[in-house]
Amino acid sequence: MEYQDSERATELAERAREFVDEVVIPRERELEGGTKVPDDVVADLREKAQSRNLYAPQIAEEHGGMGVDFRDVLPFFEEAGRSLLAPLAMRVDAPDQGNMHTLELAGTESQRERWLEPLVRGELTSAFSMTEPRQGGGADPKMIKTTAEKDGDEWVIDGHKWWTTNGGEADFFITLARTNQDAHPYGGCSLIIVPEGTPGLKIKRDIPHLGDDITSTVHSEIRFDGVRVPEENLLGAEDEGFTIAQKRLGPARLTHCMRYSGMADRALNVAKAYTSEREGFGGPIADKQGVRFEIAEAETNLHAARAMVRHAADEISRGNEARIEVSMCKYFTANVVEEAINTALQFCGASGLGKDLPIADFYENVRQFRIVDGPDEVHKRVIARNAYEDVDPEELGPLPTFGED
Ligand SMILES: Cc1cc2nc3c(=O)[nH]c(=O)nc-3n(C[C@H](O)[C@H](O)[C@H](O)COP(=O)(O)OP(=O)(O)OC[C@H]3O[C@@H](n4cnc5c(N)ncnc54)[C@H](O)[C@@H]3O)c2cc1C
């Protein structure tokens with residue numbers, strides 16, 4: 001396996017880092033501790049990213065992106081993750097980035113024209129609506145209760161969703177609904193595009209939550225009451241929603257890992273700067289072994305996470321699903337980035353909790369990563385299922401207590 005990034009990947013990541021340091025972080029510092037980043041600041045940052053050719057690298061050129069190979073784009077995502085504003089600026093922000101990928105994968109030509117290209121340009125914003133309250137789909141997505149039934153040349157959607165990121169602001173919703181009650185639970189769901197403003201689509205509320213950072217991302221509870229959309233709003237084949245969602249989720253989980261390892265990397269750099277300058281007990285705090293060992297552990301874990309992600313991305317680039325490897329990356333990275341950011345916060349003392357530094361926002365934001373895109377336990381379940389697939393009873397050897405009497 002090649003850990004070394006290609007020349008293209010390195011060059012792109014270096015330019016992204018420069019842009020984040022020179023342009024994005026100064027804007028972020030102005031906003032820290034304040035309210036939502038104004039739309040005109042996002043628009044200005046996007047213009048600047050475009051002028052430096054650092055915009056939507058993951059999207060094909062014909063759709064308005066840069067057409068960079070998935071493996072080569074990962075280090076770019078890590079650089080973008082160093083500021084909460086940078087993914088928005090460089091158009092690699094969730095959930096729009098995952099939705100762009102889904103539209104690229106499964107969209108018809110006219111869907112790409114109508115939804116994908118304006119989304120890439122930043123003229124539209126989108127949501128992916130899957131999770132449901134109560135006995136609906138959550139960690140176990142097979143439990144999806146929202147239905148879509150065909151009536152003439154329309155789909156009629158009924159259901160209740162929540163935690164739909166961007167829900168209160170989205171121009172359209174990629175919605176997962178059950179279209180076939182008789183199929184295997186993983187087989188009978190479809191993705192359907194629902195434009196904002198469609199009668200029957202009601203945003204009930206934006207759910208108050210931990211981590212109201214400068215991006216002020218909303219997560220919404222939504223009702224679909226007899227929502228009618230034309231049949232051509234079906235995204236991909238009927239009943240293939242889970243297959244398409246799975247194709248989206250593999251790469252999306254890896255890009256999430258890289259954004260978060262960028263966040264953890266910056267948090268550690270801030271903590272290293274703080275502890276190098278701050279003195280106590282006869283010298284810089286950075287000289288204490290108790291501090292240095294924890295920084296060493298965090299750096300080691302991040303290095304391991306980056307290597308795992310590159311390996312899984314290599315597999316995906318070769319056309320493999322890499323389901324187990326992706327689960328390992330997602331579970332491992334979510335835990336080590338959370339730990340690294342927690343460590344960084346601790347070593348900055350009260351300033352770690354203050355909003356003069358970015359770490360407090362990172363700390364609040366990172367907690368979600370062990371739950372979204374599949375909670376830790378669900379990924380461990382996938383890994384364990386694979387681990388137990390080919391158990392050989394002979395491996396036990398001649399243990400007398402396990403044998404017949
Ligand atoms: C910030 C944020 C943004 C989100 N954005 C979106 C979005 O845009 N679109 C969308 O559709 N959803 C979104 N979600 C929802 C997210 O995908 C779900 O929270 C996640 O899939 C888990 O589902 P749940 O919350 O219903 O957990 P539940 O299904 O209620 O599970 C609760 C907990 O039970 C445990 N658990 C579950 N299964 C097992 C098991 N087999 N073994 C052991 N333990 C288990 C886990 O610890 C899990 O966290 C978002 C969530 C958050 C927090």
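Strand β3 provides three residues to the shell around the ligand, the largest share. Helices (H or I, at least four residues) and strands (E, at least two) are DSSP runs, numbered from the N terminus. The elements that contribute two or more residues to this shell are β1 (126–129), β3 (154–165) and α12 (376–387). The model is a predicted one, in which local features need pLDDT of at least 70, side-chain atom pairs count only at pLDDT 80 or more, and totals for chains, interfaces and linings use all residues. Residues are numbered from 1 along each chain as its sequence is written, and side-chain values use heavy atoms, with hydrogens and water left out.

There are 16 residues around the ligand, and F128, M130, T131, W163 and T165 come nearest; a residue is near a molecule if one of its heavy atoms lies within 4 Å of it. By class, the shell consists of seven nonpolar, seven polar and two charged residues. In this scheme Ala, Val, Leu, Ile, Met, Phe, Trp, Tyr, Cys and Pro count as nonpolar, Asp, Glu, Lys and Arg as charged, and the others, Gly among them, as polar.

A polar backbone atom of F128 is 2.7 Å from a nitrogen atom of the ligand, and a polar backbone atom of M130 is 2.8 Å from a ligand oxygen atom. For W163, a backbone N or O atom lies 3.0 Å from a nitrogen atom of the ligand. On its own the ligand has 970 Å² of accessible area (Shrake-Rupley method, 1.4 Å probe), and the protein covers 63% of that area. W163 belongs to strand β3, and its phi is near 60°, a positive value in a residue other than glycine.

Elsewhere, helix α7 (residues 241–277) and helix α11 (residues 359–366) have axes that come within 10 Å and cross at roughly 145°. Axes are lines fitted to C-alpha atoms over the stretch in contact, and angles run from 0 to 180 degrees between N-to-C directions. Y260, M263, R266, A267 and V270 of α7 meet I359, F362, N365 and V366 of α11, where contact means heavy atoms within 4.5 Å. This contact has seven nonpolar, one polar and one charged residues.

Conventions. Polar contact = N/O pair within 3.5 Å; in protein donor to acceptor, adjacent residues only side chain to side chain.
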